[in-house]
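Let's take a friendly walk through a protein model. Keep the structure open while you read, and try to find each spot as we get to it.

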Amino acid sequence: MLKLNFPNFEFKLKNRDNKTYIFDIIRKKFILLTPEEWVRQHVVSYLINHGVSKNHIGVEKKIIVNKLTKRFDVVVFKRDGSVKLLVECKAPNIRIDQKVFDQTSIYNKNLNSEFMMITNGLVHYFFKVDNSSKTYNFIKDFPL
């Protein structure tokens, strides 16, 4: 897989039926290794290596958006159950454009996250969310 703009992490990989799978420490199972999953697992490893408890991380959970079932990529929950960070992961070959920003913003209407991150593993964007004024302010670093 492609080297991403994250530190190097050790992952458990296995091959079955000519396909590669990666172990997801949050979902506690092997997941088909797609380019987007490669990015998602780097984000999860980064969070854990920076002190976020595995118990406070959600991966690929369903949410209802405009009566449609969607799945967010990664969230970090606060102790009170509210969402601190929403992360939207894209494959490295996907350009992060307005459509991706809009998708993440729509998900956040339901989650009311304090921070958002959009990444394709190579380029990362971080925002602080002001839910009362519905505005986003770019920030420089990973909001941990």
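The report below goes through the core, one serine, a pocket and some aromatic rings.

## Before we start

Keep in mind that this is a predicted model.

## The nonpolar cores

Start on the inside. The largest nonpolar core is made of 25 residues, and F6, L47, L85 and F142 have the most contacts inside it. Which elements give two or more residues to this core? They are helix 1, strand 4 (57-59), strand 7 (74-77), strand 8 (83-89) and strand 9 (115-119). Helix 1 supplies the largest share, six residues.

Now zoom in on F142. Leaving aside residues up to four places away in sequence, F142 touches F6, Y46, L47, L85, M117 and F126. There is also a second, separate core, with 15 residues, and V83, I118, F127 and V129 are included in it.

## A look at S45

Is S45 buried or exposed? The relative accessible area of S45 is 16%, and buried means under 20%, so S45 counts as buried.

What does S45 touch, if you skip residues up to four places away in sequence? The answer is F9 and F11.

## The largest pocket

S45 turns up again here, as one of the residues that line the largest pocket.

How much space lies in the largest pocket? About 180 Å³. Sorted by class, its lining has four nonpolar, three polar and two charged residues.

## Rings that pair up

Finally, look for the aromatic rings. A pair of aromatic rings is described by two things: the distance of the centres and the angle of the planes. This structure holds nine aromatic pairs. One of them is Y125 with F138, an edge-to-face pair at 6.3 Å centre to centre, with 70° between the planes. Y125 sits in strand 10 (residues 124-130) and F138 in strand 11 (residues 135-139), so this pair ties together parts that are 13 residues apart in sequence.

How accessible are these two? Y125 counts as partly exposed because its relative accessibility is 28%, while F138 counts as exposed, at 57%. Both belong to a cluster in which ring pairs link F101, Y125, F127, Y136 and F138. You've already met F127, by the way: it's in the second core.

Technical notes: Residues numbered from 1 in each chain as written. Predicted model: local features only at pLDDT ≥ 70, side-chain atom pairs only at ≥ 80, totals over all residues. Heavy atoms only, no water. Buried < 20%, exposed > 50% of the residue type's maximum accessible area, 1.4 Å probe, protein only. Contact = heavy atoms within 4.5 Å. Core = buried A, V, L, I, M, F, W, Y, C linked by side-chain atoms within 4.5 Å. Helix = DSSP H or I, 4+ residues; strand = E, 2+ residues; numbered from the N terminus. 1 Å grid on protein atoms, 1.4 Å probe; cavity = no way out; pocket = protein on both sides within 12 Å on 5 of 7 lines; lining within 4 Å. Points joined across faces, edges and corners; volume = space filled by probe spheres on them. Nonpolar A, V, L, I, M, F, W, Y, C, P; charged D, E, K, R; others polar. Phe/Tyr/Trp six-rings, centres within 6.5 Å; stacked < 30°, edge-to-face > 60°.
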